[in-house]
Amino acid sequence: MTDAALRYALLGRLDAHALPFVRAWENPNLSEIIGAAAGAMVVIGAVVLVALLTWMRWWRPLFLDWLTSLDHKKIGIMYIVIAGVMLSRALIEAVLMRAQQSLAVNAPGIVAPEHFAQLFSTHGTIMIFFMAMPFLTGLINYVVPLQIGARDVAFPLLNSISLMLTAGGAGLVMISLAIGEFSTGGWSGYPPYTERAFQPGVGPDYWIWAITLSSLGTTLSGLNFAATIYKKRCPGMYLTRMPLFCWTALCTSILMIFAMPPLTLATALLALDRYLGFHFFTNDLGGNMMNYVNLFWLFGHPEVYILILPAFGVFSEVISAFSSKELYGYKSLIIATMAIAVLSFTVWLHHFFTMGQSANVNAFFGVATMTIAVPTGVKVYDWIWTMFRGELRFTPPMLFSVAFIMTFVLGGITGVMLAIPPIDFVVHNSVFLVAHFHNVLIPGLLYGMIAGYQYWFPKAFGFRLSEGWGKVSFGCWVVGFYLAFMPLYVLGLGGMARRTQSILDPDFQPWLTVAVIGAFILLAGLVTLFVQLVVSVRDREQNRVPVGDPWDGRGLEWSIPAPPPEYNFATIPTVHRLDAFYWFKADGRAYKPAATYTDIVVPKNSWVGPIVGGAGAVCAFGLVWHIGWMSLSGFALAWLAVIARSFVRDTHRTIPAAEVKAREESWLALAARTRPVPRQLEESSANLGLAEPYPAEVAA
Amino acid sequence: MSGQHPSKGAVLLKAFGAAALLSAARAVSGGSGAPRPDRAGGLSDGAAEKRRDLATYGIGYALALGLTGLAFVVVTWGWAAGTTALGIVFALALLQAIVHFRCFLHIDLRRSHRDDLQLLLFSSLIVCLMVSGTLVVLFNLRMRMM
Amino acid sequence: MSGSTQAHIGLHLDSPDQSPPEDAELGIYGFWIFLMSDAVLFALLFAIYGTQLAATAGAPGPAAEFKLGPALTETVILLTSSLTYGLSGIALKYDRTRTTLVLWLGVTLLLGLAFLGFELHDFATMFGDGATPDRSGFLSAFFALVPTHGLHVAAGCIWIVVMLIQIGVHGTDARVKLDLLRLGLFWHFLDIIWIAIFSIVYLQGTLG
C-alpha cells in the first residue's frame, strides 16, 4: 500500500489545513483570526471543563449520577444545559453577523463572505436543532410525567439514548469550529449548492450528520412522549383532565414522529448523492432539486410548530398560575392545539412560493397557511380572557408571557402577509422574512422556554431564582428584540436581501446600526440570565421552597416536594377533575399521608445511552472525514450496546416502602409546620413553598 | 427463472407449493401444540382458540396469495392495460395490506384496539397528505418546465 | 385472544397457560409508533420514486430491468415468511415446549435470507447491465427504495438470530416474549411495504 493510500485509510481527508489555527497562520486576515479564535474557544473550553471536573472531583458523579441516569428529571435538566450552552454560541454568532452587516456598507467588514455564510448556517442550525429542540424536549421531559402523575416516561432508556444522540450532534457542531469548517448552505442546506460538485469539502457533511443525529434523537423522543401521555397517566387523569402543557406536549410529540422522517430522508438522500454519486438532487442525469426542497419543508413546517406548541403550553400554565385563575376556554384550547397540529402538515409549500409552481397551487397553500392563524388567534384570546379580572402577579415568567402576547401577534400578522403569494414574491429572501420568523421564534419559542425555565426551576432545584435579575433580563430581552428586528422589516421592504455579507445601499446604514445595538442588548439579556442563575445559587438558602408549591399552582407537579424524590410520587394520585392539585387544596385533601406505602421500582442507571450517543458521534465524525474504520466501528459499537443490553435482566432496583414512607412523612411534617404565604409574598424569602388557602367563596 | 413473464404453469406451481406448505404447517402446529387440561373443560377452550388463531393466519395467507397472484396475472396476462391496470394493481395492494393488518396484525374495530387503529388511521392521513402533496407539486413543476 | 386486559396490536399472548408480559401494551404501542414513522419514510421514498420514474437519462429504464419472475418469487417467499412468523407466535402462545417456536423462527430466518439472496442477485444482474444508481435519477430512486427495504429485512434477520440466542439464554421470559411480539410487528410491516414495492415498482414498471 502506498503512503498516500495508507494515510487515507487511517485519517481520511484530515490534514493540517483542517485546523483553523493553521489557516489563520497562513492567511492572517481578520476573518481567519476570528475563526481561529472561535476554534481556540472550543479547545480552551474543553480543557477548562476537564480541569474543573478533575479539581472538583466531579468525574464520578458526572458519569454515575448524571450521564448514565435514566431519570426523566435529570435527563430534562441535561437537555436544558445543552440548550444553554448552544444558545450562548449561536447568540454570539448572531451578534457577529449583525456587527458585520452594520460595518459592511460599502466596506469589507470583519468577516469574509465564506465565513459569514458559515455563521448564518451554524446560527440557524444550532438555534433550531441544538437550542430550541433540546430546550423544549428538556422541559417536556421534566414536567409532563409530573403533571400526569407518572413516575417516569414510558421508555427511560430510550430517553437517555435520545439525549445522548442530541448531545453527540451538538458535539459534532462544536468540533467543526476546531477541526474543519461548517456548511455554507444555510440551515436548510439546499442542493445543488450542497452537492459534491459544488461543495466537495467537509462543510455540508458536518451539517448532514449533525442533523441526522439530532433528528434520530428527536423522533425517539416524540415516540417516548406520545407513549407516555397515552399510556402512563394516573388513574382518573382522562385526556380532558390533563394540564394544557401536556396537550401541547402530546401534539408536539405527534409532530415529531411524523415530521422528522422527511428530514432524515432528505439528508440521507443528499448524503447518497455526495458519497456514492447518486442523482437525487444533482443538476444532471435526472436529478431534481425540487424534490429536496419539497422534502425539507415537509419537515420544516411542522418543525416550527414543534418549536412553538410547547411554548404555547408553557404560556397557558404560566398565565393561568399568575392570573390566579383557571385557564379560560380549556376545550377550545385543546381543539385549537389539535387543529394547529393537523393543519401544520398542509402548508409546507409556503416556504417556496417563488420556486415555480402554478398560481393555483400557490393559492391553495396560501389559503391553508392563513387558516392556521385562526386557531392561534383563538389561543391568544383565551389567554387574554384568562388574565381578565384575574389577580395578576407580574413575576418574570408572567412578564415574558405578556410580552409574548403582544409581540408574537405582530410576528403572526407578518406571517399572514407572507402567506399571500404575491406579497411573498416581493419580500421572499429579504430580511423581512428574517424579521418575521425571529418575531415569532424569539417572543414565541424563546420567551416561552425562558418563562418555563423560571417557572419550574424552584420545583426542580428547591429554591427560587432571583426575581430582580429576572426582571432585568426580561427588560433586555424585550428591548433588545425590538431594536434588533423591527428595523429588519423596514430594510426588507426597502429591498435588502438576507444572508448578505456586504451591503451596497447606504440608506440601510441607520437601521443596521440600530439592529446591532439591539443584538448587543439581547446578548445582555442572555448574560443577565446567567447572572440570575449564579446569584440565585449563591443565595439559595434564603430562597428555599422545600414544601414544593411556591406559586400556588394547579397541577400535580406542585403537589410533591421541591426538589422531588427520584420516584416523583410516594403514592400515585387519583384525580377527579382538571386542575387536580388546585381542587385537592380547595377540598382540604392536599398534604395528607397515604393509607399505605408500597415498594417502588425504579430503573437502574445504564451506560447504553452515553455509549450509543458517543459511538454515533464518532461514526458521524468518521463519515465527515471519510475515515472508514472509525465510522464502521462507531456504528457497530452503538448497535452492539443495544443488543447487549437486551440480554441484561437486572435493570431495576427497589426503593423500600419504609424509606418512601419516612421521606413522605418528614415532608408532610415540614409542610405542617411551615407558614403558608399569600400570593403577594411569593417573591420573598418568607415563601417556603406553601400557599395560603383560598377564601371560601373563591374555592366553591 | 425465465424472462419477464412467468409462464402460467410457474404461477400455478407456486400457488400449489404455498398451499402444500400451509397444510403442512397446520398439521405440524396442530399436532404438537395440544394444551394441558388445567381447568374444568379447559382442554377444548385452548385447542379451539388455537384453531381460531391458526385459521386467521391461514385465511390471511390464502387471501394475500390470491390477491398477489391476481395482481401479477392482470399485468402479465394483460387483463387490463395502462392506467386501468395500474389502478387495479393499486386497489389489490390496498386490499392485501388490509388483509395483513386484519389477519397478521390483528387490528380490528374492537375497543381495546382503538388506540392502535387511531394511530394507524392518523398515520395514513399524514402519509396521504405528504405523498399526494409531493406528487401534485412535483408534477405541477414538471408541467411548467415543459 | 378474547378477554385480554392488555390492549395492543398483534398476537395476544393470553392463553390458559400464561398471561401476557407486563407492560406489553406499552412496549408494543411504542414500537408501533416507531413503525409509523418508518412508514412515513417509506411513503416518501415511494413519492420520490414516483417523481423520478421518468428520469431515466439514457440509462436502462424499468421495462428493461424489472423481471417479474424473480419479483413474484421474492413476494411469495416474504409472504410465506410472514405466515411462518405467525406460526411461531402461535407456538409461543400455546405450546408447552419451545421446539416449534424455534423451528418456525428458523424457517422464517431462512426464508428471509432467501429473499435477500434473490434480491441481491437481481441487483447484481442490474449492475451487470450497467443499471447502476449513479447513471440516472430513476435508478437512484430505485436503489434508495428497494435496498432500504432490503436493509430492514436484513436487520430483521439479525434480530431473529439475536432472539434465538436470547431464547437459548433466557428461555421465553417476559422480555423475550415482548421482543418476539415486536419483531413480529416489524416482520409483518416489512411484508406490507413489499406489497407496495412489487405493485408500485415492479408491476408499474412492467406496465410502462
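Predicted model: local features only at pLDDT ≥ 70, side-chain atom pairs only at ≥ 80, totals over all residues.
Figure 1. Chain B has 146 residues, and 42% of them count as buried. Its exposed surface comes to about 7700 Å². Carbon and sulfur atoms supply 71% of that surface. Among contacts in chain B with a separation of 6 or more, 52% join residues 24 or more positions apart.

**Figure 2. The interface of chain A and chain C.** The size of an interface is often given as the accessible area lost when the parts come together. Here, chain A and chain C bury about 2800 Å² between them. Carbon and sulfur atoms carry 72% of that buried area. Three residues stand out on the chain A side: A:Lys231, A:Phe647 and A:Arg649 supply 23% of the area that chain A buries against chain C, more than any other three residues. In terms of contacts, 33 residues of chain A meet 36 residues of chain C. The interface also holds 12 residue pairs in polar contact, both partners at pLDDT 80 or more. Which helices of chain A each supply at least two residues of the side that touches chain C? They are α8, α9 (244-276), α10 (289-322) and α20 (628-647). Helix α9(A) gives the largest share, 9 residues.

**Figure 3. Salt bridges between chain A and chain C.** Side chains of opposite charge can pair when their charged atoms come close. Across the interface of chain A and chain C there are 2 salt bridges. One joins A:Arg649 to C:Asp173, with the closest N and O atoms 2.6 Å apart. Another pairs the side chains of C:Glu25 and A:Lys231 at 2.8 Å, N to O. This pair crosses between chains. C:Glu25 sits in helix α1 (residues 24-51) of chain C, and A:Lys231 in helix α8 (residues 203-231) of chain A. Both A:Lys231 and A:Arg649 also belong to the trio that supplies 23% of the area chain A buries against chain C.

Figure 4. The side chains of A:Arg679 and A:Glu391 meet in a salt bridge of 3.1 Å, N to O. A:Arg679 lies in the loop between α21 (657-673) and α22 (696-699) of chain A, and A:Glu391 in the loop between α12 and α13, so the pair ties together parts 288 residues apart in sequence. A:Glu391 counts as partly exposed because its relative accessibility is 35%. Elsewhere in chain A, the side chains of A:Arg538 and A:Asp539 form a salt bridge of 3.0 Å, N to O. A:Arg538 counts as exposed, at 61% relative accessibility. Over all chains, the structure holds 23 salt bridges.

**Figure 5. A nonpolar surface patch on chain A.** The patch covers about 500 Å². Its residues are A:Val367, A:Met370, A:Val409, A:Ile413, A:Met417, A:Ile420 and A:Ile423. Helices α12 (359-387) and α13 (396-418) of chain A each give two or more residues to the patch. Helix α13(A) makes the largest share, with 3 residues. A:Met417 is placed in helix α13 of chain A. Is A:Met417 buried or partly exposed? A:Met417 counts as partly exposed, with a relative accessibility of 31%.

Figure 6. A:Gln147 is in helix α6 (residues 113-147) of chain A. A:Gln147 counts as buried because its relative accessibility is 1%, under the 20% limit. The side chains of A:Gln147 and A:Glu557 are joined by a polar contact of 3.1 Å. Leaving aside neighbours within four places in sequence, A:Gln147 is in contact with A:Met237, A:Pro243, A:Phe245, A:Cys246, A:Glu317, A:Trp456, A:Leu556 and A:Glu557.

**Figure 7. A:Ser559 in a loop of chain A.** The loop runs between α17 (509-538) and α18 (580-586) of chain A. A:Ser559 is buried, with a relative accessible area of 16%. A polar atom of the A:Ser559 side chain lies 2.7 Å from the backbone oxygen of A:Leu556. A:Leu556 is also among the residues in contact with A:Gln147. Leaving aside neighbours within four places in sequence, A:Ser559 is in contact with A:Phe569, A:Phe581 and A:Trp667.

How values were computed
Residues numbered from 1 in each chain as written. Chains lettered and ligands numbered in written order. Heavy atoms only, no water. Patch = residues over 30% accessible without salt bridge, like charges linked within 9 Å, V, L, I, M, F, W, Y side chains within 5 Å. Areas by Shrake-Rupley, 256 points an atom, 1.4 Å probe, with all protein chains shown as cover. Salt bridge = Lys/Arg side-chain N within 4 Å of Asp/Glu carboxyl O. Helix = DSSP H or I, 4+ residues; strand = E, 2+ residues; numbered from the N terminus. Buried < 20%, exposed > 50% of the residue type's maximum accessible area, 1.4 Å probe, protein only. Contact = heavy atoms within 4.5 Å. Buried area = accessible area lost by both parts, 1.4 Å probe. Polar contact = N/O pair within 3.5 Å; in protein donor to acceptor, adjacent residues only side chain to side chain.
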